[in-house]
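Here are my notes for your first look through this fold. Keep the viewer open and follow along point by point.

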Amino acid sequence: MNLKAALLGGGSWGTTVASLIARNAPVTLWARDETTVNEINTEHSNSKSLPGARLNAKLLATSSIEQAVAPCDVLVMGVPSQHFRSVLEQAKEHIRPWVPVVSLTKGLELSTRMRMTEVIQEVLPGHP
C-alpha cells in the first residue's frame, strides 16, 4: 500500500523534499505560484527556487490546497514559519482527522514564540 503525501510549500526546501518523497511514494506539492506549478508539472524543474535542478518526474504540483491535502495520508509542511499558521489553517478544512503532520520548518512563530509543533497542536489538535 502506497501512502499518499502532500507537501505544502513550493520553495527550494519544500520542492527538494517533495522530489525526494516522489522516489518512494505518490506526492502532491502545493505552491501558491501557478507558474511554478506549471513548470514542475511540465518541465520537472523549479527554476525560481532550484535553478538547474531536475525534479522527479513523478512529482505532481497544484495550486489548490484542497487537491493536495484531501487525499493525503501524511501532510508535510515546508512553508516558512511566518506563513505556517495561515497555510495550516487553510489545510485544516480539507485534512482527515487521523492524518499526521510533519514540519520541515525551522524557527518560531514571531507573534506567539511557539515552535511549529506547538502551532500544529493548536490548529489541528489530535493530529499525530
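1. Let's start in the middle of the sheet. Bear in mind that this is a predicted model. Strands β1 and β4 pair in the parallel sense, with 4 bridges between them.

2. Strands β2 and β3 run parallel and are joined by 3 bridges, with T28 opposite L60 of β3. Another right-handed β-α-β unit is made by β2, helix α2 (residues 34-43) and β3.

3. Over on the β4 side, β4 and β5 run parallel too, and 3 bridges join them. Find M77 and you will see S103 of β5 opposite.

4. Which order do the strands take in the sheet? Reading across, the order is β3-β2-β1-β4-β5, which gives an open sheet of 5 strands with parallel pairing. The edges belong to β3 (60-62) and β5; each has a single partner strand, so one side of each lacks a neighbour in the sheet. Neighbouring strands are turned against each other by 25° on average, direction ignored.

5. Next, helix α4, which packs on this sheet. The helix touches β1, β2, β4 and β5, and its direction makes about 155° with that of β4. It covers residues 81-92, so to speak 12 residues, and spans 17 Å from first C-alpha to last, close to the 16 Å expected at 1.5 Å a residue.

6. Which residues of α4 are buried? They are S81, F84, R85, V87, L88 and A91.

7. Go back to the strands and check where the side chains point. In β1, A5 and L7 point one way and A6 and L8 the other, and all are buried. In β2, V27 and L29 point one way, T28 and W30 the other, and again all are buried.

8. Why does A5 count as buried? Its relative accessibility is 7%, and the cut-off for buried is under 20%. Leaving out residues up to four places away in sequence, A5 touches I21, P26, V27, T28, C72 and V74. One of these, T28, is 23 residues from A5 along the chain, yet their C-alpha atoms are separated by 6.5 Å.

9. What about the nonpolar core? In soluble globular proteins, nonpolar side chains tend to be buried together. The largest core here has 23 residues, and those with the most contacts inside it are L8, V69, L75, M77, F84 and L88. At least two residues of this core come from each of β1, α3, β4, α4 and α5. Apart from it lies another core, of 16 residues, with V17, L29, A61 and V76 among them.

10. Neighbours within four places in sequence aside, its contacts are W30, I65, A68, V69, L75, V76, M77, G78, V79, V87 and A91.

11. Last one: is H94 buried or exposed? This residue is found in the loop between α4 and β5. H94 is buried, because its relative accessible area is 17% and the cut-off is under 20%. Not counting residues up to four places away in sequence, H94 touches I65, E66, V69 and A70.

How values were computed. Residues are numbered from 1 along each chain as its sequence is written. This is a predicted model: local features need pLDDT of at least 70, side-chain atom pairs count only at pLDDT 80 or more; totals for chains, interfaces and linings use all residues. Side-chain values use heavy atoms; hydrogens and water are left out. The expected span of a helix is 1.5 Å times one less than its number of residues. Buried means under 20% relative accessible area, exposed over 50%, partly exposed in between (1.4 Å probe, protein chains only). Two strands pair if DSSP finds at least two bridges between them. Axes are lines fitted to C-alpha atoms, for helices over the stretch in contact, and angles run from 0 to 180 degrees between N-to-C directions. Contact means heavy atoms within 4.5 Å. A crossover is right-handed if, with the strands pointing away from the viewer, the path from the first strand over the helix to the second runs clockwise. A nonpolar core is a set of buried Ala, Val, Leu, Ile, Met, Phe, Trp, Tyr and Cys residues joined through side-chain atoms within 4.5 Å.
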